[in-house]
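Please read them beside the coordinates.

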Amino acid sequence: MAVIVKNNVFILETKNTHYVLGVDDYGYNHHLHWGKKCNADDYFVEKIGDENSNHTMLDEFKQEYTFFGSTVYRECDLKVEFSDKCREINVKYLGYEAEDNLLKLHFADNHYPLEITLNYQIFDGLDIISRWITLKNTGSESIVAERLFCAEFSFPSVKPYTFKNTNGAWGGEFLQTSNVLDGGSLVFESRKGISSHTNSPYFIAHQNADEKSGDVYFGAFAYSGNFKVSASRDLYGITRTSIGFNDFDFEYCLKGGETFESPKVFCGLTQGFGEMSRQMNKFAVDYVFPKQFNDKPLPVLYNSWEAVWFDVNSENQSALAKLAADMGVELFVMDDGWFSKRNDDHAGLGDWFVNKDKFPNGLGDLIKNVNDLGMDFGIWVEPEMVNADSDLFRAHPDWAYHYDTRMASELRNQLVLNMTRRDVQEYIFNLLDDLLSNNNIKYIKWDMNRPLSETGAENLDYPKMIWYLHTKAVYDIVDRLKEKHPEVAFESCASGGGRSDIGALQHYDQVWTSDNTDAIDRMVIQKGFSMLRPLKAMRAWVTDIEGINKPASLDFRFNIAMQGALGIGGNLTKYSSGDLEICKKNIALYKKIRSLVQFGNLYRILDIDEDEVLMNQYVNDDKTKSVVFIAANGTRFYKKRIPLRFDGLDKDKCYTFEFDGEIIVKSGAYLMEVGISAHIRGVNYNRILILEEK
């Protein structure tokens, strides 16, 4: 891995690829190559002139970053307004810095006090590159950006690319889509203040790639707010993609002397979707997650929400905790309903004080009971929200986003606090700090159950900055809490998977995948999640929600949930002794394999929609151990035996495992090329195979 510089040509050498850019004699930045490695001396910046008066060179050549102005008529990445109302940027090249795995290219406007730095970082052993920009106002007057993308990408082939993204909703997150872009533009975006229920803040571009083969170009925006991914293909057959802040209702004011560093885009080129997912999982563990828990397996948790809903008290929580501990649960989490006058979703948000009717002695007795059972204690909060029926709102109605001339929309009977205000931020931090300081709490589930609306913020001179400043405030509060309470793990939840992007995982240790815990649906949801999100972070619960017309056995539900970070969410008081034993058995099994699942290399072998069978395999780095999950909930027609071929193994090693009561000993080559046959029929088919080197 290296950064190679030759005559204003800059080569980022990753494990298997070259990413090459350059600067010409006029100071324009050029994208030169993204693909297999070539001779470094062969790269050069090609001179291009205008095609004609309607098709200019600035529209034709590939750029690393495109500034608004001059004869650029295609999508641009940065558009600002200077103090005299000029909106064009015209830059000169200042030079570069190259040190170890980091490259910085410095530019400045020819007239105005704006400096722009294009930043790149590579990582040993991976084909992933981090990209971001830095803006600096070296003058005294403010500069206001109205478009601010963080990276631009150009792809090598003139043939159309297919773009994969998601098109989901609450309860159906991460449903994959594919769009062939043969002309015009594609846009994937969020405008709700969060990132992930519908489209995802990433691009995946390919031409006939599959799990194992084909060039796959990808980039994930590490940001949890409004984003935009804009892809286009022009008359020259050039396909470009820009990714960054959504310019819907956006502005950023850079005051005199200020510097702004954008969120990062993690991009790469791999062979096949499977390798893309494996590299991103490893990358997240090594470079994205907060360091307190990045290399530690996540515990098995129990969450009491579906057992009691809002009707929580010390007695019923302690009873559930006893059942959970007997099953082998390691972390007991109390959900909504523990604070203020919180008996339903109409009141209490904002008043983060223990409900004395439910917990006369505070949380101490319950936490002690949980700890005495050998489990850590966790709790649910929704700090960004407030109910109109709350002491906080009655005291500070101006603390919610609002316009005096508009009626506030109370989605889920709640309003959104103005997180851009310093007093609001301090209020939230101090309450949560007190909660953690005065109680032995080891886990916070941070929820956000509605998007922003009526986004008035009279405290801001530039009110359209709220979208960015809100997200930044959430990050800052979590970071401050983690610094003061490093033993506490944080989970990001936003009405399911609404804030589960790679940016959230720079601050949170895990994410809630979806409020939909139906195992049949989860097979599809979890596959979409796994594409560019790390499986270590993917919380997956076993609950009593089986689906109205698609029941699934308890073992089947465990099979699906164990393919991420396992949690339990059912009403254990209604479980039979046999059900509790099934839970205990599966939790014990999960503890044996969770390092493989959370840190291993995922191979998606069979797809439930395409193949009627789900087959996922996780393999450790030295290929000595593997776990395989197989599940189907009803195959069509009268299928007899289905061949199951494994993946990710060492062809020269010999593996042993048990399958349907038979001990199988075969070479890795045989298992991958020939495989075994399985009689998969009926409902609730599920098998978990543990392969070990013999």
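How many bridges join strand 35 to strand 36, and in which direction do these strands run?

1. The model is a predicted one, and the remarks below should be read with that in mind. Strand 35, which covers residues 654-659, is joined to strand 36 by six bridges, and the two run antiparallel. Within this region Phe 657 has Ile 664 of strand 36 standing opposite.

2. The pair belongs to an open sheet of six strands, whose order is 31-32-33-38-35-36 and whose pairing is antiparallel. Because strand 31 (601-606) and strand 36 (662-667) each have a single partner strand, they stand at the edges, and one side of each is left without a neighbour in the sheet. On average, and with direction ignored, neighbouring strands of this sheet are turned by 20° against each other.

3. Turning to the helices, helix 7 (residues 422-437) packs with helix 8 (residues 466-484) at an angle of about 30°, and their axes lie 10 Å apart. Since angles under 35 degrees count as roughly parallel, helix 7 is therefore described as roughly parallel to helix 8. The crossing of these two helices is right-handed.

4. On the side of helix 7, the contact is made by Gln 425, Glu 426, Ile 428, Phe 429, Leu 432, Asp 433 and Leu 436, while helix 8 supplies Ala 473, Ile 477, Arg 480, Leu 481 and Lys 484.

Note on methods:
Residues numbered from 1 in each chain as written. Predicted model: local features only at pLDDT ≥ 70, side-chain atom pairs only at ≥ 80, totals over all residues. Heavy atoms only, no water. Pairing = 2+ DSSP bridges. Helix = DSSP H or I, 4+ residues; strand = E, 2+ residues; numbered from the N terminus. Axes fitted to C-alpha atoms, helices over the stretch in contact; angles between N-to-C directions. Parallel < 35°, antiparallel > 145°, perpendicular 65-115°, else oblique. Left-handed = near helix turned anticlockwise from the far one by under 90°. Contact = heavy atoms within 4.5 Å.
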